[in-house]
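Please keep the sequence and the model in view while going through the numbered points.

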Amino acid sequence: MTARPPKGELDKRIAGAVFVLFWLVAIAAWIVAGVALGNAGAWQPFIVDVGIVIASIGVATPFLATVKGFGLALLFGLIAVAGFALGDFAHIVPLVYFLRIIVPFFAIMIAPTFKLVNGVKVFA
């Protein structure tokens, strides 16, 4: 019998699978944007930006401890995709570049930092 994590905790095997799957989807999106779309107006950068969001969620997933945290990461990813859609299709360049900087920052810096801080016991 396989040991299962307590209810509400994100299983490490699932987190690893999500990491790999989301990176595969992001790479596929970047390939489609670069090769298949050619010069398709605002669709090409939008697909690239969606790939950035998907890859960022994939990077953050192994550092998330709970299923609720993973759900919040997906929710913030959806908000980022909506922001990218607004920025790419309405040609709001500062919004697009802000999101291109802040989305990977949260995935690469903030998620591991919170994981590290939550594991430190000061008065144990």
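Leaving aside its neighbours within four places in sequence, with which residues is Arg100 in contact? The answer is given in point 4, after some remarks on the model as a whole.

1. Basis of the note. This is a predicted model, in which local features need pLDDT of at least 70 and side-chain atom pairs count only at pLDDT 80 or more, while totals for chains, interfaces and linings use all residues. Residues are numbered from 1 along each chain as its sequence is written, and side-chain values use heavy atoms, with hydrogens and water left out.

2. Overall build. The protein chain contains four helices and zero strands, and its elements follow the order α-α-α-α from the N terminus. Helices (H or I, at least four residues) and strands (E, at least two) are DSSP runs, numbered from the N terminus. A contact is defined by heavy atoms within 4.5 Å. Among contacts between residues at least 6 apart in sequence, 63% join residues at least 24 apart.

3. Of the 124 residues in the protein chain, 31% are buried. A nonpolar core is a set of buried Ala, Val, Leu, Ile, Met, Phe, Trp, Tyr and Cys residues joined through side-chain atoms within 4.5 Å. The largest such core has 16 residues, and those with the most contacts inside it are Leu10, Val53, Ile57, Leu64, Phe70, Phe84 and Val103. At least two residues of this core come from each of α1 (12-36), α2 (43-60), α3 (67-89) and α4 (93-119). Leaving aside its neighbours within four places in sequence, Val103 is in contact with Val53, Ser56, Ala80 and Phe84. In soluble globular proteins, nonpolar side chains tend to be buried together.

4. Arg100 and Asp49. To return to the opening question, the contacts of Arg100, apart from neighbours within four places in sequence, are Pro45, Asp49, Ile52, Phe84 and Asp88. A salt bridge is a side-chain nitrogen of Lys or Arg within 4 Å of a carboxyl oxygen of Asp or Glu. The side chains of Arg100 and Asp49 form such a bridge, at 2.7 Å from N to O. Because Arg100 lies in helix α4 and Asp49 in helix α2, the pair ties together parts that are 51 residues apart in sequence. The C-alpha atoms of Arg100 and Asp49 are 7.3 Å apart in space. Are the two partners buried or exposed? Arg100 is partly exposed, with a relative accessible area of 26%, whereas Asp49 is buried, at 0%.

5. A second bridge. The count of salt bridges comes to two. Arg13 also forms one, with Asp11, and the closest N and O atoms of that pair are 2.8 Å apart. Arg13 is exposed at 52% relative accessible area, while Asp11 is buried at 16%. Side chains of opposite charge can pair when their charged atoms come close.

6. Thr61. Where is Thr61 found? Thr61 belongs to the loop between α2 and α3, and its relative accessibility of 1% means that it counts as buried. A polar atom of the Thr61 side chain lies 2.6 Å from the backbone oxygen of Ile57. Beyond neighbours within four places in sequence, Thr61 is in contact with Leu10, Ala15, Val18 and Phe70.

7. Surface. Accessible areas come from the Shrake-Rupley method with a 1.4 Å probe; for residues, only the protein chains shown count as cover. The protein chain exposes about 8100 Å², and carbon and sulfur atoms supply 78% of it. Leu72, Leu75, Phe76 and Ile79 make up a nonpolar surface patch with about 400 Å² of accessible area together. Such a patch joins nonpolar side chains (Val, Leu, Ile, Met, Phe, Trp, Tyr) within 5 Å, from residues with over 30% relative accessible area and no salt bridge. Leu75 is placed in helix α3 and is partly exposed, at 45%.

8. His91. Phi of His91 is near 60°, a positive value in a residue other than glycine. Most residues other than glycine have a negative phi. His91 is found in the loop between α3 and α4 and is exposed, with a relative accessible area of 62%.

Methods: Buried means under 20% relative accessible area, exposed over 50%, partly exposed in between (1.4 Å probe, protein chains only). Patches are made of residues with over 30% relative accessible area and no salt bridge: like charges are joined within 9 Å, nonpolar side chains (Val, Leu, Ile, Met, Phe, Trp, Tyr) within 5 Å. A polar contact is a pair of N or O atoms within 3.5 Å; within protein, one must be able to donate a hydrogen and the other to accept it, and residues adjacent in sequence count only if both atoms are side-chain atoms.
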